[in-house]
Amino acid sequence: DARFIGEFRVNGRYGWQDGYASGRDWKIAGETPGLPVRRIGIEELSKLPRVESVFEFKCIEGWSTIVGWGGYRFGDFLNAFGLVPTDPALQYLLLSTPDGGYTAALDLPSALHPQAILADRLNGEPLSEGHGAPIRLVLPVKYGVKNIKWLGRIQFLKDRPTDYWTERGYDWYAGL
């Protein structure tokens, strides 16, 4: 319910660098072993069905707020662009900013959760740079550390990868 949507704070700029492409120049590289690398831009992404979701975003630091997101189901994106692996051994994803400065690792079932969204809108407005514009991943089943901003690369892997916060002692699953 929109009556309960709160102000969403900017929390962390890990992985951001000035000079990143934005808007129509933004591309997400999708890498699935055995397939050519796919580079998907905003125009291609915009052809997918749009979704909206309101949920309580929870930070591992202890704060939370109800937030409204708009964008595209991550599972729809992965399927539409042929990125979902056919090899059942590829059960992990490593997501990163374009420069690899921030990474988030997921298991495939979490990535395919129907509420996982590649978001381009926050509380009815286009995402700001501080909130991950032009595209970020939001997962209501995970703490914010897995909700990567400025998504630039998706890799499918057989072995469970580490990520930015796991390397600093946080729980790998970071599930709610």
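I began with serine 110 and found a polar contact of 3.5 Å between its side chain and that of lysine 142. I count a polar contact when N or O atoms lie within 3.5 Å, and within protein one must be able to donate a hydrogen and the other to accept it; residues adjacent in sequence count only if both atoms are side-chain atoms.

I note that this is a predicted model, where local features need pLDDT of at least 70 and side-chain atom pairs count only at pLDDT 80 or more, while totals for chains, interfaces and linings use all residues. Residues are numbered from 1 along each chain as its sequence is written, and side-chain values use heavy atoms, with hydrogens and water left out.

Where does serine 110 lie? I place serine 110 in helix 3, residues 108-111. Helices (H or I, at least four residues) and strands (E, at least two) are DSSP runs, numbered from the N terminus.

Is serine 110 buried or exposed? Serine 110 counts as buried because its relative accessibility is 11%. The scale I use is buried under 20% relative accessible area, exposed over 50%, partly exposed in between, with a 1.4 Å probe and protein chains only.

I listed the contacts of serine 110 (heavy atoms within 4.5 Å). Leaving aside neighbours within four places in sequence, serine 110 touches Ala116, Leu139 and Lys142.

Next I looked at strand 6, residues 103-107. Five of its five residues are buried. Thr103, Ala105 and Asp107 are on one side, Ala104 and Leu106 on the other. In a regular strand the side chains alternate between the two faces of the sheet.

Which strand pairs with strand 6? Strand 5, residues 92-96, runs antiparallel to strand 6, with five bridges joining them. I call two strands paired if DSSP finds at least two bridges between them. Serine 96 stands opposite threonine 103. The hairpin has six residues between the strands, and glycine 100 takes a positive phi near 75° there.

Then I checked strand 5 itself. Tyr92, Leu94 and Ser96 point one way, Leu93 and Leu95 the other, and all are buried. Strand 5 also pairs with strand 10, residues 153-157, antiparallel over five bridges.

I followed leucine 94 across both pairings. Its bridge partner in strand 6 is alanine 105. In strand 10, leucine 94 is partnered by glutamine 155.
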